[in-house]
Amino acid sequence: MGEIVFAAGIPHLPAMVGLYDRAPPDVQAVVHNSFESLHAEIKAARPDVIIVFANDHLANSRIRSYPDFLIGMAEEHRGPHEWFKPWIGCRDYAIKGDRNVAATLFRGMIRRGIRLFAEPGALKFDDNISVPVTMGNLDSLGIPLVPVLQNCIVPPIPEQHRCYEVGQALADLIEKDLAPGMRVALIGSGGLSHEPGGSRYYVIDETFDRWFLDLAASGDHDRVLKELTFERMEASGSGGTIELFSWVVIMGATGPCKGRSFGYAIHRDFRCGFGAVIWDLKPQTAQAREQVPA
Amino acid sequence: MTTSRLKSYDPSLAVHDLVQDLKWDPDLREAFARDEAGVLDRYPLQGAERLAIERRDFKALYDMGMHPYLGGQLSRLIWGNDAGGGAILAVNNLVASLTGKRQGE
């Protein structure tokens with residue numbers, strides 16, 4: 001019986017890395033404190049593996065044959081992919097993978113009715129994995145990471161109810177399929193409001209972002225499922241804000257629980273709002289998770 | 001408010017393959033910089049689609065159904081991809097093409 005020992009949602013805005021030094025001190029402080037907290041709290045939770053649900057930005061598959069969820073099964077993950085290096089401006093990294101956990105995830109989710117795909121070779125990572133790994137120095141922890149790249153960009157995409165179901169299946173898998181005593185950290189990587197490639201590229205919806213961070217930290221998953229809709233997120237930034245569906249997967253896995261945010265920062269050149277939430281987990285059972293219908 | 005273009009994208013457009021290949025293949029990027037027309041010849045682009053690429057007319061490409069995320073990446077492939085320089089120029093030129101306004105106007 002495995003156990004979820006850590007859960008967080010965090011944005012991965014690429015410009016935040018390359019333009020960090022040019023940002024005002026108060027913005028830098030929120031970013032720094034958020035990633036420092038992420039690092040410290042994961043370390044304190046002593047997980048055996050970190051599973052990251054992160055958006056794929058058309059980096060690994062053709063638009064005509066696009067998987068909704070793609071598991072990275074490699075023994076080691078390296079990034080960022082060559083073309084994204086100047087775009088992000090982060091350092092190179094290598095982090096251990098976990099083929100056994102990835103295979104268990106692939107097998108177990110399929111058996112639970114969740115269609116995933118899996119890549120045994122190297123995946124191309126852009127900001128999705130590269131930003132949390134390098135800004136949070138996750139590669140220094142010596143903990144294997146299993147990436148699950150999620151379609152948040154090529155419609156039709158899995159929306160909030162489906163993502164929550166995926167999270168519930170993930171929790172059931174962790175509880176029943178992983179090795180006894182295995183400790184699992186979960187991260188949702190994506191958002192907040194932004195419109196990559198759109199006419200509102202520089203527009204950040206602060207009202208939406210603050211509303212979302214409060215909602216995510218409230219633990220009120222009924223409201224999450226009712227109010228965090230595709231249409232509402234598209235209105236706050238087309239093609240980017242919907243990356244927050246990766247957070248919904250993690251919420252489905254944890255079940256309702258309150259979280260803590262480490263502030264909100266807005267900086268025009270980042271072209272995306274920034275704020276993270278770490279959820280305070282309480283002992284979860286399948287019965288408790290099922291109290292929230294997906 | 002701008003209407004979401006996501007649900008009206010056309011996945012069959014060849015420009016999507018052009019952008020994906022340019023991202024994944026450094027040699028193709030070099031060829032694109034040296035001989036853009038020669039690289040465009042390799043793809044089954046519609047006439048209007050090719051013309052819009054040549055004219056850097058992102059509004060026309062999006063109206064045809066180009067996915068905006070790949071549109072943003074095409075702008076960086078054309079104008080620059082580094083966080084503090086070319087990428088900012090690319091974003092500004094892309095937004096100007098879509099809105100008809102330069103930054104600051």
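This is a predicted model: local features need pLDDT of at least 70, side-chain atom pairs count only at pLDDT 80 or more; totals for chains, interfaces and linings use all residues.
**Entry 1: Terms and source**

Residues are numbered from 1 along each chain as its sequence is written, while chains are lettered from A and ligands numbered from 1 in the order in which they are written.

**Entry 2: Where the chains touch**

I looked up the contact between the two chains: chain B gives 28 residues and chain A gives 27 residues. On the side of chain B that touches chain A, the elements giving two or more residues are helix H1 (14-24), helix H6 (68-79) and helix H7 (86-99) of chain B. Helices (H or I, at least four residues) and strands (E, at least two) are DSSP runs, numbered from the N terminus. I sorted the residues on this side of chain B into 13 nonpolar, 10 polar and 5 charged. Here Ala, Val, Leu, Ile, Met, Phe, Trp, Tyr, Cys and Pro count as nonpolar, Asp, Glu, Lys and Arg as charged, and the others, Gly among them, as polar.

**Entry 3: Chain B**

I find 7 helices and 0 strands in chain B. The radius of gyration of chain B is 13 Å, close to the 13 Å that the globule rule gives for 105 residues, so chain B is as compact as a globular protein of that length. This radius is taken over C-alpha atoms, and the rule is 2.2 Å times the number of residues to the power 0.38.

Of the 105 residues in chain B, 37% are buried. A residue is buried if 20 or more other C-beta atoms lie within 10 Å of its own, exposed if 12 or fewer, and partly exposed in between; C-beta atoms are placed from the backbone.

Which residues of H1(B) are buried? I list B:Val15, B:His16, B:Leu18, B:Val19, B:Leu22 and B:Lys23. Seen down the axis of H1(B), they fall within an arc of 160°, so they line one face of the helix. The arc is that of the directions from the helix axis to the C-beta atoms. Their cover includes helix H2 (26-34), helix H4 (47-54), helix H5 (58-64) and H6 of chain B.

**Entry 4: The sheet of chain A**

I traced an open sheet of 8 strands in chain A, with mixed pairing and the order S6-S3-S7-S2-S8-S1-S10-S9. Two strands pair if DSSP finds at least two bridges between them. The edge strands of chain A are strand S6 (117-119) and strand S9 (259-261), each pairing on one side only.

I then examined strand S2 (residues 49-56) of chain A, which runs parallel to strand S7 (residues 145-151) of chain A and is joined to it by 7 bridges. In S7(A), A:Val146 is the bridge partner of A:Ile51, and A:Leu149 stands opposite A:Ala54. S2(A) also pairs with S8(A) in the parallel sense, over 6 bridges; there A:Phe53 stands opposite A:Gly188. I record that 8 of the 8 residues of S2(A) are buried, so this strand is largely enclosed by the rest of the structure.

Conventions
Two residues are in contact if their C-beta atoms, placed from the backbone, lie within 7 Å.
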